[in-house]
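Hi,

Here is the structure I promised to pass on to you. Have a look at it first, and then read on for what turned up.

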Amino acid sequence: MDTLVEKGTQMIREAQKVLVFTGAGLSTESGIPDFRSPGGVWEKYDPSELSFDRFLSNEKARETYWQMSTEFYETMKDAIPNRAHLSIKKIEDMGKLLTIVTQNVDRLHHKAGNSPEKIIEIHGTLFSVSCLNCGKKYEREAIETLLKSGIKAPSCDDCSGILKPDTVSFGQAMPEDKMRQATMYAGECDLCIVLGSSLVVYPAASIPVHASQNGAKLIIINRDETPLDSGADIVVHESVSEVLGQMVEI
Ligand code: ZN
């Protein structure tokens, strides 16, 4: 393990353009449960009831969706960044951070102090809400207040359109501009660091694949194995915050 950490430190030192790719395993150490883990919020709901099509077509489905989304939001709103998030901030401070591509919707990279323009939230964020008709944006907190007052599926105060949290749902298209941007950076980086993602959710997982195919070095730190392990320069199946913290020496 010590040798791997040293090797990682060296690789980060030599890199000029680092793409950091993050998943749920990064946030579990900030107390946010992985929604796919046993006993998670997800188990209480039937995913087919929560698809984007159902959300659009059915008032009852929208109510269930908001109920679930609020449960997620409650676990995330007061979470604080851990040592891994702070390590990524340090990589930015070193002038080496090209971009963060995150599957997380918890805003922890923002809270860690990374520049918003360096953060690509490919699965969106739970912290804002949009009208699907006119595009008007709302702060999540304001909508939570509405929900607490008894409204079960809020609508737009400008046009009465359907409001939805800015997360990507099942069956909803990935934001094309963000994927395009992330793919472009993947072709440009010289080091890709995967943190807390098992790299099974596509198209998100295609980002590190693309980086590696374009010649970037690849570091994977994740509790479990990933399909990309065999092609990586360094693989560590340990705590993300501990290992990355040691690699960037914070
Ligand atoms: Zn509207």
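Let me begin with a pair of helices: the axes of helix H8 (residues 176-188) and helix H9 (residues 206-213) come within 7 Å and cross at roughly 30°. That makes H8 roughly parallel to H9, since angles under 35 degrees count as roughly parallel, over 145 as roughly antiparallel, 65 to 115 as roughly perpendicular and the rest as oblique. Axes here are lines fitted to C-alpha atoms, for helices over the stretch in contact, with angles running from 0 to 180 degrees between N-to-C directions. On the H8 side the contact (heavy atoms within 4.5 Å) is made by Met179, Ala182, Thr183, Ala186 and Gly187, and on the H9 side by Ser206, Ile207, His210 and Ala211. These residues divide into five nonpolar, four polar and no charged; Ala, Val, Leu, Ile, Met, Phe, Trp, Tyr, Cys and Pro count as nonpolar, Asp, Glu, Lys and Arg as charged, and the others, Gly among them, as polar.

A word on the basis for all this. The model is predicted, so local features need pLDDT of at least 70 and side-chain atom pairs count only at pLDDT 80 or more, while totals for chains, interfaces and linings use all residues. Residues are numbered from 1 along each chain as its sequence is written, and side-chain values use heavy atoms, with hydrogens and water left out. Helices (H or I, at least four residues) and strands (E, at least two) are DSSP runs, numbered from the N terminus.

Now to the sheets. Six strands form an open, parallel sheet in the order S3-S2-S1-S7-S8-S9, where two strands pair if DSSP finds at least two bridges between them. S3 and S9 stand at the edges with a single partner strand each, so one side of each has no neighbour in the sheet. From one strand to the next the twist averages 15°. S7 and S8 run parallel and are joined by five bridges; Cys192, for instance, has Leu218 in S8 as its bridge partner. Helix H1 packs on this sheet, touching S7, S8 and S9, and its direction makes about 130° with that of S9. H10 also packs there, touching S7, S8 and S9, at about 140° to the direction of S8.

Strand S2 (residues 97-102) is largely enclosed by the rest of the structure, because six of its six residues are buried (under 20% relative accessible area; exposed is over 50% and partly exposed in between, with a 1.4 Å probe and protein chains only). Helix H10 (residues 240-247) is mostly covered too, with six of its eight residues buried. Just after H10, Glu249 takes a positive phi of about 60°.

There is also an open sheet of three strands, ordered S5-S4-S6 with antiparallel pairing. Its edge strands are S5 (137-139) and S6 (163-167), each pairing on one side only.

Beyond its neighbours within four places in sequence, Ser69 is in contact with Leu126, Arg140 and Pro165.

Enjoy exploring!

Best wishes
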